[in-house]
Amino acid sequence: MKQLTPNLMVDDVKETLRFYREVLGFSPLMTVPDEGTPVWAMVACGEVQLMFQERASIVAEYPKLDSLALGGALTFYIKVDDVAGLYARVKDRATILRPLHRTFYDADEFALEDCNGFILTFAADAM
């Protein structure tokens, strides 16, 4: 195995792109279609890449997803260089689920909910 790039089911790819770009600082790499309203997109920030696919489009590929809620029963753990700086930038622009804190495993981290209900935890080794 070489890489993991989650493809997340969302209701609105355009709104998801806005959130990840404007709030979290991701850059769009590709959208389908290239122009107009996207049904799929890939974004990146540093080494982290995510894909987003509109519900109807992904359900056509995987019908089992039709009955599932957005957000799923999972969390994403993303290591960053400056967790305190990121927290300061996003705390008033996103739903914070766990404020910045020190964990028992000696990491500084916080968690937020994205515009689709996915939980993202951002962490850095404690200094």
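**Exercise 1. Describe the open sheet that contains β1: what is its strand order, and which strands stand at its edges?**

Solution. Step 1: the strands of this open sheet, four in number, follow the order β1-β4-β3-β2, and the pairing is mixed. Strands pair here if DSSP finds at least two bridges between them. Helices (H or I, at least four residues) and strands (E, at least two) are DSSP runs, numbered from the N terminus.

Step 2: β1 and β2 (27-32) are at the edges, each with a single partner strand, so one side of each has no neighbour in the sheet.

Step 3: from one strand to the next, the twist averages 25°. Axes are lines fitted to C-alpha atoms, for helices over the stretch in contact, and angles run from 0 to 180 degrees between N-to-C directions.

Step 4: α1 packs on this sheet and touches β1, β2, β3 and β4, its direction making about 160° with that of β4. Contact means heavy atoms within 4.5 Å.

Step 5: inside the sheet, β3 and β4 are joined in the antiparallel sense over six bridges. Trp40 has Gln53 in β4 as its bridge partner.

The model is predicted: local features need pLDDT of at least 70, side-chain atom pairs count only at pLDDT 80 or more, and totals for chains, interfaces and linings use all residues. Residues are numbered from 1 along each chain as its sequence is written, and side-chain values use heavy atoms, with hydrogens and water left out.

**Exercise 2. Work out how β8 is placed: which strands pair with β8, and in which sense?**

Solution. Step 1: β5 (residues 75-79) pairs with β8 in the parallel sense over five bridges. Ile78 has Phe122 as its bridge partner in β8.

Step 2: β7 pairs with β8 in the antiparallel sense over seven bridges. Here Asp108 stands opposite Ala124 of β8.

Step 3: β7 and β8 make a hairpin with five residues between them, and Gly117 in the turn has a positive phi of about 95°.

Step 4: the open sheet built from four strands reads β5-β8-β7-β6, with mixed pairing. Its edge strands are β5 and β6, each pairing on one side only. Neighbouring strands in this sheet are turned by 15° against each other on average, direction ignored.

Step 5: five of the seven residues of β8 are buried, so the strand is mostly covered. Buried means under 20% relative accessible area, exposed over 50%, partly exposed in between (1.4 Å probe, protein chains only).

**Exercise 3. Locate helix α3: which of its residues are buried, and what do they pack against?**

Solution. Step 1: in α3 (residues 83-90), the buried residues are Val83, Gly85, Leu86, Tyr87 and Val90.

Step 2: these buried residues pack against α1 (13-23), β6 (95-102), β7 (107-113) and β8 (119-125).

Step 3: the helix lies across β6, β7 and β8 and runs at about 25° to β7.

**Exercise 4. Identify the residues at the centre of the contacts: which members of the largest nonpolar core touch the most other members?**

Solution. Step 1: a nonpolar core is a set of buried Ala, Val, Leu, Ile, Met, Phe, Trp, Tyr and Cys residues joined through side-chain atoms within 4.5 Å.

Step 2: the largest such core has 26 residues, of which Tyr20, Leu24, Phe110, Leu112, Leu120 and Phe122 touch the most other members. α1 gives the most to this core, with five residues.

Step 3: leaving out residues up to four places away in sequence, the contacts of Leu120 include Tyr20, Leu24, Phe76 and Ile78.

**Exercise 5. Classify the aromatic pairs: how many are there, and how do the rings of Phe76 and Phe118 meet?**

Solution. Step 1: rings of Phe, Tyr and Trp (its six-membered ring) pair if their centres lie within 6.5 Å; planes under 30 degrees apart count as stacked, over 60 as edge-to-face and the rest as tilted. The count is seven aromatic pairs.

Step 2: the ring centres of Phe76 and Phe118 are 6.2 Å apart and the planes stand at 65°, so this pair is edge-to-face. Phe76 belongs to β5 and Phe118 to the loop between β7 and β8, so the pair ties together parts 42 residues apart in sequence. Both Phe76 and Phe118 are buried.

Step 3: Tyr87 and Phe110 have ring centres 4.9 Å apart and planes at 65°, so they too are edge-to-face.
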